[in-house]
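Hi,

Here is the structure I said I would pass on.

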Amino acid sequence: MSFLFGGRSTKTFKPKKNIPEGTHQYDLMKQAAATLGSGNLRLAVMLPEGEDLNEWVAVNTVDFFNQINMLYGTITEFCSAESCPVMSAGPKYEYHWADGTTIKKPIKCSAPKYIDYLMTWVQDQLDDETLFPSKIGVPFPKNFLSIAKTILKRLFRVYAHIYHQHFLHIVGLGEEAHLNTSFKHFMFFVQEFSLVDKRELAPLQELIEKLTNKDKV
């Protein structure tokens, strides 16, 4: 299923990544959704007892990809090469794209182009059965957590861009509560398993403290 928003450009939207029914990951995803429904995000991100960390990280990474894909999809009409000629998260943070294979040397590009590159790259990783196996008994690669860390680090940049450049558009669409909940969930998850380096989180540090400190017991 693609995210189509009437009349808006759809080239940046990626099809929603579905976890196959009948797999253990599908059961894990349903379990995660049920815990999320309780409203306790800190509890929702914890590794369920007896579960494999790689599988848990994989299921949640797919979920965050889908969430960010949808959130960014709602503001693409405001994010153009003219309005966002560079991919930034405020004046101090600018991101250049490289994937290490087709684009080895980081290139400067507009935010929509960068996010298109990024989401296509993430989708390719998620669809690769050698990296994200969905079949029971197929092992995760030994370096799986470092692959997931790179994906989550890059997905964070989309949140950072939305907050810094498009938050007023999000408010105008009445989506700020949805964005805040999604980002808070993401932050609790990456903090729980130390998946994104603190330096990478700097563009949204104040917001992170504000959103996550409220929930400290």
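Let me start with phenylalanine 183, which is buried, with a relative accessible area of 0%. Please keep in mind that this is a predicted model, and that everything below was computed from it.

Phenylalanine 183 pairs with tyrosine 163: the ring centres are 5.4 Å apart and the planes sit at 65°, so the pair is edge-to-face.

Tyrosine 163 has another partner. In all, the structure holds 15 aromatic pairs, and one of them joins tyrosine 163 to phenylalanine 167 in a stacked arrangement, 5.7 Å centre to centre with 20° between the planes. Both of these residues lie in helix 5, 4 residues apart, or about one turn of the helix. Phenylalanine 167 counts as partly exposed, with 29% relative accessibility.

If you colour the aromatic residues, look for one cluster made up of Phe64, Phe156, Tyr159, Tyr163, Phe167, Phe183, Phe186, Phe189 and Phe193.

Now the core. Which residues touch the most other members of the largest nonpolar core? They are Leu155, Phe183 and Phe186, in a core of 61 residues. Helix 2 (41–45), helix 3 (53–73), helix 4 (111–127), helix 5 (144–172), helix 6 (176–192) and helix 7 (205–213) each supply at least two residues of this core. Helix 5 gives the most, with 13 residues.

Leaving out residues up to four places away in sequence, leucine 155 touches Phe64, Phe65, Ile68, Leu118, Met119, Val122 and Phe186.

There are also a couple of charges over rings. Lysine 113 lies over the face of tyrosine 117, 4.8 Å from the ring centre. Arginine 154 does likewise over the face of tryptophan 121, at 4.5 Å from the ring centre.

On to the cysteines. How many disulfides does a search of the whole structure find? It finds 0. For cysteine 84, the closest cysteine sulfur is the one in cysteine 79, and at 3.9 Å that is too far for a bond; the cut-off for a disulfide is 2.5 Å between the sulfur atoms. Cysteine 84 is buried, at 5% relative accessible area, and cysteine 109 counts as buried as well, at 10% relative accessibility.

Finally, the overall picture. The protein has 7 helices and 2 strands, and along the sequence they follow the pattern α-α-α-β-β-α-α-α-α. There are 217 residues in the protein, and buried ones make up 48% of them. Among contacts with a separation of 6 or more, 71% involve residues 24 or more positions apart. The protein exposes about 11,100 Å², and carbon and sulfur atoms supply 54% of that area.

That's what I have for now.

Cheers

Note on methods
Residues numbered from 1 in each chain as written. Predicted model: local features only at pLDDT ≥ 70, side-chain atom pairs only at ≥ 80, totals over all residues. Heavy atoms only, no water. Buried < 20%, exposed > 50% of the residue type's maximum accessible area, 1.4 Å probe, protein only. Core = buried A, V, L, I, M, F, W, Y, C linked by side-chain atoms within 4.5 Å. Contact = heavy atoms within 4.5 Å. Phe/Tyr/Trp six-rings, centres within 6.5 Å; stacked < 30°, edge-to-face > 60°. Lys NZ or Arg CZ within 6 Å of the ring centre and 35° of its normal. Areas by Shrake-Rupley, 256 points an atom, 1.4 Å probe, with all protein chains shown as cover.
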